[in-house]
Amino acid sequence: MPVNFTAEYLKAEQKFLNAKTTEEKIVYLEEMIRVCPKHKGAENLLAQLHAKLAKLKREVERASKKNGGKREGIRKEGDAQVCLVGDVNVGKSSILKKITNADPEIDEYPYTTVQPEIGMMDYNGVKIQIVEIPSTFRPEYMAIARTADLVAVVYNGSHKHIDSVLDSMYIRTKRVHINVNDNVERIKNKIWKSLNLIIVYTKNGKDTSPMALKKGSIVRDFTLHIHKDFVKNFWYARLWRGSKEKQVGLNYILKDRDVVEVKTKMK
Ligand SMILES: Nc1nc2c(ncn2[C@@H]2O[C@H](COP(=O)(O)OP(=O)(O)OP(=O)(O)O)[C@@H](O)[C@H]2O)c(=O)[nH]1
Ligand SMILES: [Mg+2]
């Protein structure tokens, strides 16, 4: 069966063919895959595109390992990883210190931060990892921004310049803009909102503890987080939402602030 290419596809392919860097190629190849016809006749082509994409990604990974020496990114900890970026001296470390347990060096001189600084932010009991990267925008630091769950752009006045830096380096991670003069409460709320997470409380007798889940998660996701065997032995869950209490199954969609107690079958 012939594949009828759309103008969109051909445009993406042209950009791919003109791309100079591997990272740029990845961007347009992903675009080609997105707009490629999905019918049976295009299956082979689609498989080839996916294989090519995987190869390019391996190339980038190899290159960044070589350039970055011992540093291969920052191990994710907590429920999400946020990369703090901004123009030099804008106040990134000051914000990191205010919203996390980190104690980074803060100085009036430019390029005070010379390697990634890591801190943990507490949001109603949920832990969010915040990583400030140096404003040298070296590829190994930008790789952290690329793989983080969120990029928090710190700005003072306008964020046009830093946005264009991120665009030029093909950082397509979701962005939130943080004014350096925002207060701690506002900054934390903005970050949390942009992460698209909900907090669900696990109930264990009288104790409850917070768990972060993606918006739209179901009881199955929640149960998997507790223990994978719990899904196999799942009987039902008791759910408290506001003043209501009910019994629900694995496919029930959870909402922020739900309290859930999983009941398993006796063995
Ligand atoms: N007026 C004012 N000064 C600030 C603010 N935040 C930080 N500063 C000052 O700006 C300077 C740089 O602050 P840092 O927090 O080190 O900035 P940075 O972006 O981490 O800097 P580099 O790591 O060098 O890129 C310091 O002298 C801070 O005291 C702010 O909100 N208002
Ligand atoms: Mg700094």
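## Strands β1 and β4

V85 has V153 in β4 as its bridge partner. The two strands concerned, β1 (residues 80-86) and β4 (residues 150-155), pair in the parallel sense over 5 bridges. Strands pair here if DSSP finds at least two bridges between them. Strands (E, at least two residues) and helices (H or I, at least four) are DSSP runs, numbered from the N terminus.

Helix α6 (residues 160-168) packs on the sheet and touches β1 and β4, and its direction makes about 145° with that of β4. Contact requires C-beta atoms, placed from the backbone, to lie within 7 Å. Angles run from 0 to 180 degrees between N-to-C directions, and axes are lines fitted to C-alpha atoms, for helices over the stretch in contact.

## Basis of the model

The model is predicted: local features need pLDDT of at least 70 and side-chain atom pairs count only at pLDDT 80 or more, while totals for chains, interfaces and linings use all residues. Residues are numbered from 1 along each chain as its sequence is written, with chains lettered from A and ligands numbered from 1 in the order in which they are written.

Strands β1 and β4 belong to an open sheet of 5 strands with mixed pairing, in the order β2-β3-β1-β4-β5. β2 (117-123) and β5 (175-179) stand at the edges with a single partner strand each, so one side of each lacks a neighbour in the sheet. From one strand to the next the twist averages 30°.

Another open sheet, also of 5 strands and with mixed pairing, runs β7-β6-β10-β8-β9. Its edge strands, β7 (207-214) and β9 (244-248), each pair on one side only. Strand β6 (residues 197-204) is antiparallel to β7 and joined to it by 8 bridges; I198 has L213 in β7 as its bridge partner.

## Helices α4 and α7

The axes of α4 (residues 92-99) and α7 (residues 184-195) come within 10 Å and cross at roughly 90°. α4 is therefore roughly perpendicular to α7, a term that covers angles of 65 to 115 degrees.

On the α4 side, I95, K98 and I99 meet V184, I187 and K188 of α7. The residues of this contact divide into 4 nonpolar, no polar and 2 charged. Nonpolar means Ala, Val, Leu, Ile, Met, Phe, Trp, Tyr, Cys and Pro; Asp, Glu, Lys and Arg count as charged, and the others, Gly among them, as polar.

## Surroundings of ligand 1

Ligand 1 is surrounded by 18 residues, of which the closest are G91, S93, S94, E108 and T113. A residue is near the ligand if its C-beta atom, placed from the backbone, lies within 6 Å of it. By class, the shell has 6 nonpolar, 9 polar and 3 charged residues. Helix α4 supplies the largest share, 3 residues.

## Domains

The protein chain is assigned domain 1 (7-68), domain 2 (80-195) and domain 3 (197-264). These bounds come from an automatic or database domain assignment. The centres of domain 1 and domain 2, taken over C-alpha atoms, are separated by 29 Å.

Notes:
Parallel < 35°, antiparallel > 145°, perpendicular 65-115°, else oblique. Contact = placed C-beta atoms within 7 Å.
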